[in-house]
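Dear colleague,

Please find below the structure that I am handing over to you. My findings follow directly after it.

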Amino acid sequence: MSVEVITGSFDPGAAYSEFLAGARGIGAGVVFTGVVRSTHERPITALILECYVELATNEIEAIRRSAVDRFALAEAHIIHRHGRLLPGEPIMQVMTLAEHRGAAFDGAQYLMDYLKTDAPFWKKEETADGSKWVEPVAADAVARLRWEQT
Amino acid sequence: MKVLYFAWLRERLDRSEDEVAPPAEVETVTDLVDWLAQRDEVLAAALEKRSIFKFAVDARIVPPQTPLAGADSVAILPPMTAG
């Protein structure tokens with residue numbers, strides 16, 4: 001399985017070790033883990049990620065395939081959680097394998113930039129004052145644009 | 001046919017889905033959304049800025065003019081904040 005949309009937590013290190021264990025004839029692996037952030041300026045008590053699991057799986061798989069094709073990745077795997085997540089917990093993880101590090105890094109960066117704009121999730125932040133839905137962030141769309149210009 | 005609602009749209013409607021049997025003249029996703037909005041004031045108000053929504057037929061995002069023929073579910077998706 002190359003895309004996992006799950007409710008429970010996961011062990012980022014164990015997931016990466018398992019991913020690397022299948023590697024043969026490649027020289028580079030890259031892993032990125034997104035973590036629930038609560039800052040001093042903007043404290044949250046929890047992050048709720050809502051999704052339509054079937055749709056999210058389909059869409060993320062399409063993004064994954066485009067990354068594999070574009071960067072000739074040997075493999076790419078994405079884990080994405082939904083449900084109620086606490087600060088410090090992993091939200092998602094992108095892992096890539098390629099012959100050389102350039103493609104592995106670029107593939108992971110491309111996947112992240114597309115997931116930040118195109119993964120079909122809705123975010124709600126829980127704070128001490130209540131909860132509210134998060135608006136899309138323009139900076140994420142800008143980050144994605146660089147791949148459309150190259 | 002099931003109509004699925006998500007995020008703040010689901011909260012505003014106070015339900016996550018409807019089971020509907022639209023008449024034959026409801027041929028596309030746009031037709032369906034118009035037909036649903038005529039029957040439900042809360043939905044009509046929530047969908048006022050129609051262009052911000054995306055739609056999915058059987059768990060695939062599709063353009064609004066997509067025909068409904070054979071569809072089991074249509075999802076109305078508010079703007080997504082992604083991962």
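Two strands are taken to pair if DSSP finds at least two bridges between them. Please note that this is a predicted model.

On that basis, I begin with the strand pairing around Lys124(A). Strand S3 (residues 46-51) and strand S7 (residues 121-127) of chain A pair in the antiparallel sense over 6 bridges. Within S7(A), Lys124(A) is the bridge partner of Ile48(A). S3(A) also pairs in the antiparallel sense with strand S5 (residues 83-85) of chain A, over 3 bridges, and there Leu49(A) stands opposite Gly83(A). Of the 6 residues of S3(A), 5 are buried, so this strand is largely enclosed by the rest of the structure.

Is Lys124(A) buried or exposed? Its relative accessibility is 12%, and the cut-off for a buried residue is under 20%, so Lys124(A) counts as buried. Leaving aside residues up to four places away in sequence, Lys124(A) touches Ala46(A), Leu47(A), Ile48(A), Ser131(A), Lys132(A), Trp133(A), Val134(A) and Glu11(B). With Glu11(B) there is a polar contact between the two side chains, at 2.4 Å.

That contact leads to the interface between the chains. Chain A contributes 23 residues to the contact and chain B contributes 20 residues. About 1,800 Å² is buried between chain A and chain B, and carbon and sulfur atoms give 59% of this area. On the chain A side, the residues that lose the most area to chain B are Tyr52(A), Trp122(A) and Trp133(A), which together account for 35% of what that side buries. Trp133(A) is also among the residues touched by Lys124(A).

A further sheet in chain A is open and has 4 strands in the order S1-S4-S6-S2, with mixed pairing. Strand S1 (3-6) and S2 of chain A stand at its edges with a single partner strand each, so one side of each has no neighbour in the sheet. On average, and with direction ignored, neighbouring strands of this sheet are turned by 5 degrees against each other. S4(A) and S6(A) pair in the antiparallel sense over 6 bridges; Ile79(A) has Gln93(A) in S6(A) as its bridge partner.

Two helices pack on this sheet. H1(A) touches S2, S4 and S6 of chain A, and its direction makes about 20 degrees with that of S6(A). Helix H2 (residues 53-71) of chain A touches S1 and S4 of chain A, and its direction makes about 150 degrees with that of S1(A).

Which residues of helix H1 (residues 12-21) of chain A are buried? They are Ala15(A), Tyr16(A) and Phe19(A). These residues lie on the same side of H1(A), because they cover an arc of only 95 degrees around the axis. In general, an α-helix has 3.6 residues a turn, so residues three or four places apart point the same way. The cover over the buried residues of H1(A) includes strand S2 (28-35), strand S4 (75-81) and strand S6 (90-98) of chain A. Glu18(A) and Ala21(A) are exposed residues on the face of H1(A) turned away from its buried side. At the N-terminal end, H1(A) is capped by Asp11(A), with a side-chain oxygen 3.0 Å from the backbone nitrogen of Gly13(A).

With kind regards

Conventions:
Residues are numbered from 1 along each chain as its sequence is written. Chains are lettered from A and ligands numbered from 1 in the order in which they are written. This is a predicted model: local features need pLDDT of at least 70, side-chain atom pairs count only at pLDDT 80 or more; totals for chains, interfaces and linings use all residues. Side-chain values use heavy atoms; hydrogens and water are left out. Buried means under 20% relative accessible area, exposed over 50%, partly exposed in between (1.4 Å probe, protein chains only). The arc is that of the directions from the helix axis to the C-beta atoms. Contact means heavy atoms within 4.5 Å. A polar contact is a pair of N or O atoms within 3.5 Å; within protein, one must be able to donate a hydrogen and the other to accept it, and residues adjacent in sequence count only if both atoms are side-chain atoms. Axes are lines fitted to C-alpha atoms, for helices over the stretch in contact, and angles run from 0 to 180 degrees between N-to-C directions. Buried area is the accessible area (1.4 Å probe) that two parts lose on being put together, summed over both.
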